[in-house]
Amino acid sequence: MRTGPGVIQDVRDPVGPELLAAVAGRPVDALVNNAGVGAPGRPLAEVDPDSVLHAVDVNVAGPLRLAQALLPNLLAAPAPLIVNVSSRLGSLGAQAAGEFRGRTTSYAYRIAKAAQNMLTIALAQELAGRVRCWAVHPGSLTTAMGAAGASTPPGAAAARLVRLLDSPDRTSPRFVSLDGPDLPW
Ligand SMILES: NC(=O)c1ccc[n+]([C@@H]2O[C@H](COP(=O)([O-])OP(=O)(O)OC[C@H]3O[C@@H](n4cnc5c(N)ncnc54)[C@H](OP(=O)(O)O)[C@@H]3O)[C@@H](O)[C@H]2O)c1
């Protein structure tokens with residue numbers, strides 16, 4: 001993760017003194033947890049359980065570490081927001097309804113994004129009335145992680161996300177999609 005002054009943070013590590021110093025004594029209006037990893041989609045017999053632990057570390061424990069470390073800064077802002085960049089593939093409702101049947105998304109990614117969504121809900125419950133907590137599906141992006149046929153350049157999604165950060169909506173939790181209506185958890 002990079003902040004303005006260019007701090008690099010591996011989200012699997014405890015939040016470091018450099019990052020804490022960069023925000024010390026300053027309100028933080030928005031924490032966007034974008035870092036994410038998946039794994040190659042494999043049938044059960046070939047799934048490496050460690051790939052699940054790694055994905056949960058980055059996609060779930062990472063945002064938890066950042067939220068813990070930056071909570072005082074968030075609470076000092078007038079209308080703070082935590083955005084956890086999630087995926088529609090983490091929707092338990094959509095997956096159980098078979099909406100993505102036929103895709104070869106890894107166990108690691110589906111499990112980690114569903115767990116990240118629960119983190120968003122848990123944070124929203126504890127921080128109700130103080131910090132809004134949203135899961136955000138960015139769209140199908142033309143990035144290293146993107147699926148074949150993805151069409152949204154990451155810059156376009158980033159611009160939509162920046163506009164979302166200005167939203168006065170007080171709903172929390174929310175599962176927002178940047179390319180359509182809100183999603184089912
Ligand atoms: N691509 C899509 O279609 C899509 C769809 C739905 C949701 N998403 C979500 O959108 C987010 C961004 O994905 P992307 O498509 O941009 O994927 P990406 O191109 O693979 O980028 C992943 C980003 O996560 C960072 N990262 C990975 N492990 C990290 C760690 N341990 N500590 C700090 N940073 C780490 C990477 O940093 P380095 O470059 O330094 O490794 C990179 O900036 C992810 O949360 C992903 O799940 C993507």
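The largest nonpolar core of this structure has 30 residues, and those with the most contacts inside it are Leu31, Ile82, Val83, Trp134 and Val136. At least two residues of this core come from each of strand E1 (30–33), helix H2 (49–75), strand E2 (81–85), helix H4 (107–126), strand E3 (132–137), helix H5 (154–165) and strand E4 (174–177). Helix H2 contributes the most, with six residues. The model is predicted.

**The core**
- In soluble globular proteins, nonpolar side chains tend to be buried together.
- Ile82 is in contact with Leu31, Ala67, Leu123, Val131 and Cys133, leaving aside neighbours within four places in sequence.

**The chain as a whole**
- The secondary structure consists of five helices and four strands.
- Along the sequence, these elements follow the pattern α-β-α-β-α-α-β-α-β.
- A compact globule of 185 residues would have a radius of gyration near 16 Å, and the chain agrees with this, at 16 Å.
- Taken along the principal axes, the C-alpha atoms fill a box of roughly 50 × 35 × 30 Å.
- Of the 185 residues, 32% count as buried.
- Among the contacts with a separation of 6 or more, 68% are between residues 24 or more positions apart.

**Helix H4**
- The 20 residues of H4 should span 28 Å at 1.5 Å a residue, which agrees with the 29 Å between its end C-alpha atoms.
- The buried residues of H4 are Ala108, Tyr109, Arg110, Ala112, Lys113, Gln116, Asn117, Leu119, Thr120 and Leu123.
- An α-helix has 3.6 residues a turn, so residues three or four places apart point the same way.
- The cover over the buried residues of H4 includes H2, E2, helix H3 (92–96), E3 and E4.

**Ala108, a residue of H4**
- Ala108 is found in helix H4, and it counts as buried because it has 26 C-beta neighbours inside 10 Å, where 20 or more are required.
- Not counting residues up to four places away in sequence, Ala108 touches Gly38, Ala39, Ser51, Val52 and Ala55.
- Ala108 and Val60 are 48 residues apart in sequence, and their C-alpha atoms are 12 Å apart in space.

**The ligand surroundings**
- The ligand is surrounded by 22 residues, of which the closest are Ala35, Gly36, Leu141, Thr143 and Met145.
- The shell around the ligand divides into 13 nonpolar, seven polar and two charged residues.

Notes:
Residues numbered from 1 in each chain as written. Predicted model: local features only at pLDDT ≥ 70, side-chain atom pairs only at ≥ 80, totals over all residues. Near = placed C-beta within 6 Å. Nonpolar A, V, L, I, M, F, W, Y, C, P; charged D, E, K, R; others polar. Core = buried A, V, L, I, M, F, W, Y, C linked by C-beta atoms within 7 Å. Buried ≥ 20, exposed ≤ 12 C-beta atoms within 10 Å, placed from the backbone. Contact = placed C-beta atoms within 7 Å. Expected span 1.5 Å × (residues − 1). Rg over C-alpha atoms; globule rule 2.2 N^0.38 Å.
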